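This briefing goes through one protein structure, topic by topic. Have the sequence and the 3D view open while reading.

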Amino acid sequence: MGNIMRKMVLVFALTATSAAVSATTVLTEQNIARLEAALPELVAIEQDNPQGLTKLRLKKHCDWQQHASDLRQQEQGKAYVAEVDQVLAKHQLTAPLFLELTAKGSWPLLQSLQPVQQLTRQSLPFLPEPQRRIAEQKIHQTEQMQQAIEPCLTAADKTALQHHKQRLLKLATSLPGAAF
């Protein structure tokens with residue numbers, strides 16, 4: 001998942017605007033099209049400290065406004081926040097909506113990584129120390145995301161995920177840094 005997920009976690013948190021989403025799921029055709037249009041622009045934004053994003057984690061609650069506020073507060077004063085705000089506004093996305101959309105939209109990729117995680121976990125005792133630590137961090141990050149996102153998936157979300165699964169997988173895997 002790497003860089004793109006860390007960047008996605010950051011960028012959705014950087015606008016203060018909130019949204020009242022009337023749909024039963026944010027995984028709509030219109031929102032996915034907005035995400036597809038916005039992500040390349042968001043990924044291209046220069047960040048002050050991209051390595052710091054490896055420590056970002058979603059807390060285990062489904063309050064997307066709170067997630068956005070917490071993450072935005074962490075990035076307060078960073079030079080690129082205004083650029084992120086402009087891109088999100090241009091594509092009619094708000095921080096909470098973008099956060100929920102990208103988190104839930106990543107679910108098919110997270111599920112597809114489970115066999116890789118299992119194989120990696122089995123190979124941990126045979127890996128040299130530096131590679132083992134990196135693999136353990138990636139496994140932990142993926143598991144943490146799964147545990148934070150899964151309880152937030154409604155029945156409507158699961159139906160939408162099935163409907164848009166290939167599109168969401170293609171979107172996630174076509175972006176740089178998406179590989180496990």
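C62 and C152 form a disulfide, with their sulfur atoms 1.9 Å apart. A search of the whole structure finds one disulfide. The model is a predicted one, and its average pLDDT is 80.

**The disulfide**

- A disulfide is a covalent bond that joins the sulfur atoms of two cysteines.
- C62 sits in the loop between α2 and α3, and C152 in the loop between α8 and α9, so the bond ties together parts that are 90 residues apart in sequence.
- The torsion about the S-S bond of C62 and C152 is about -95°, which makes the disulfide left-handed.
- Are the two cysteines buried or exposed? C152 is buried, because its relative accessibility of 7% falls under the 20% limit. C62 is partly exposed, with a relative accessible area of 38%.

**Confidence in the model**

- In the protein, 78% of the residues have a pLDDT of at least 70.
- The pLDDT is below 50 over residues 1–22, a stretch with 71 contacts in the model beyond near neighbours in sequence.
- Residues 50–54 also have a pLDDT below 50, and this stretch has six contacts beyond near neighbours in sequence.

- How many residues of helix α5 (residues 95–105) are buried? The count is 11 of the 11, so the helix is largely enclosed by the rest of the structure.
- T102 belongs to helix α5 and is buried, with a relative accessible area of 2%.
- A polar atom of the T102 side chain lies 3.2 Å from the backbone oxygen of L99.
- The largest nonpolar core has 31 residues, and those touching the most other members are L27, L42, L58, L93, F98, L101 and I149.
- Helices α2, α4, α5, α6, α8 and α9 each give two or more residues to this core.

**Salt bridges**

- The structure holds 11 salt bridges. Side chains of opposite charge can pair when their charged atoms come close.
- R167 and E29 meet through their side chains in a salt bridge, with 2.7 Å from N to O. This pair links distant parts of the chain, as R167 is in helix α9 (residues 155–174) and E29 in helix α2 (residues 29–43), 138 residues apart.
- R167 is partly exposed at 24% relative accessibility, and E29 is partly exposed at 46%.
- D85 forms a salt bridge with R72, and their closest N and O atoms are 3.3 Å apart. D85 is in helix α4 (residues 81–90) and R72 in helix α3 (residues 64–74), 13 residues apart, and the pair links distant parts of the chain.
- D85 has a relative accessible area of 21% and is partly exposed; R72 is also partly exposed, at 24% relative accessibility.
- R133 and E129 form a salt bridge of 2.9 Å, N to O. How far apart are these two residues along helix α8 (residues 129–149)? R133 and E129 are four residues apart, so about one helical turn separates them.
- An α-helix has 3.6 residues a turn, so residues three or four places apart point the same way.
- R133 is partly exposed at 45% relative accessibility, and E129 is partly exposed with a relative accessible area of 37%. Elsewhere, salt bridges that share partners join E29, E36 and R167 into one network.

**A loop residue with positive phi**

- Most residues other than glycine have a negative phi.
- Q92 is not glycine, yet its phi is near 55°, a positive value.
- Q92 lies in the loop between α4 and α5.
- Q92 counts as exposed because its relative accessibility is 54%, over the 50% limit.

Methods. Residues are numbered from 1 along each chain as its sequence is written. Side-chain values use heavy atoms; hydrogens and water are left out. pLDDT is the predictor's confidence in each residue, from 0 to 100. Contact means heavy atoms within 4.5 Å. A salt bridge is a side-chain nitrogen of Lys or Arg within 4 Å of a carboxyl oxygen of Asp or Glu. Buried means under 20% relative accessible area, exposed over 50%, partly exposed in between (1.4 Å probe, protein chains only). A nonpolar core is a set of buried Ala, Val, Leu, Ile, Met, Phe, Trp, Tyr and Cys residues joined through side-chain atoms within 4.5 Å. A disulfide is a pair of cysteine sulfur atoms within 2.5 Å. A polar contact is a pair of N or O atoms within 3.5 Å; within protein, one must be able to donate a hydrogen and the other to accept it, and residues adjacent in sequence count only if both atoms are side-chain atoms.
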